[in-house]
Amino acid sequence: MPAPQCASCHAARAALRRPRSGQALCGACFCAAFEAEVLHTVLAGRLLPPGAVVAVGASGGKDSTVLAHVLRELAPRLGVSLRLVAVDEGIGGYRDAALAAVRRQAARWDLPLTVVAYADLFGGWTMDARAPPSTFPLMGPNRPADSSGASL
């Protein structure tokens, strides 16, 4: 059965159905609705005063990437400036790829990025130095999902 038409634009096929409302939306209309809801929430709650500098904790994962994207889109309407902040815990084979993704995204979006490293904050101390990788079996390249053949 083909996907229904978008309930908002009535031109494109729906890409998803919103769980709470049941509304079927195409990708573009979903993004517009999501951004409008975030804007309403921020304004109604007076969460970000005009002129604020907003630091978004950027892990390189989907949640922080979506948050940074939405705030980047809304920043001109909110009158705020945005910057990304990432933490390098010093876990070899675990954070390197994610930090590279954060750096690429910051460059793509032309956003300032600050990377704070445990080693700089704590006199050379890192998670690897404090506890060897084998102490954290769910983190790093040998976590169970990797060894079971799971892929992204």
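**Salt bridges**

Tutor: Glu89 and Arg95 form a salt bridge, with their closest N and O atoms 2.9 Å apart. The term refers to a side-chain nitrogen of Lys or Arg within 4 Å of a carboxyl oxygen of Asp or Glu. This is a predicted model, in which local features need pLDDT of at least 70, side-chain atom pairs count only at pLDDT 80 or more, and totals for chains, interfaces and linings use all residues. Residues are numbered from 1 along each chain as its sequence is written, and side-chain values use heavy atoms, with hydrogens and water left out.

Student: Are Glu89 and Arg95 buried or exposed?

Tutor: Both Glu89 and Arg95 are buried; buried means under 20% relative accessible area, exposed over 50%, and partly exposed in between (1.4 Å probe, protein chains only).

Student: How many salt bridges are there by this rule?

Tutor: The count comes to 3.

Student: Which side chain does Glu37 meet in a salt bridge?

Tutor: Glu37 pairs with Arg18, at 2.8 Å from N to O. Glu37 lies in helix 1 (residues 27–44) and Arg18 in the loop between strand 1 (16–17) and strand 2 (24–25), so the pair ties together parts that are 19 residues apart in sequence. Helices (H or I, at least four residues) and strands (E, at least two) are DSSP runs, numbered from the N terminus.

Student: And what is the relative accessibility of Arg18?

Tutor: Arg18 is at 15% and counts as buried, whereas Glu37, at 36%, counts as partly exposed.

Student: Now to Glu73: what is its partner in a salt bridge?

Tutor: The partner of Glu73 is Arg72, with 3.2 Å between the closest N and O atoms. Glu73 is partly exposed at 33% relative accessibility, and Arg72 is partly exposed at 29%.
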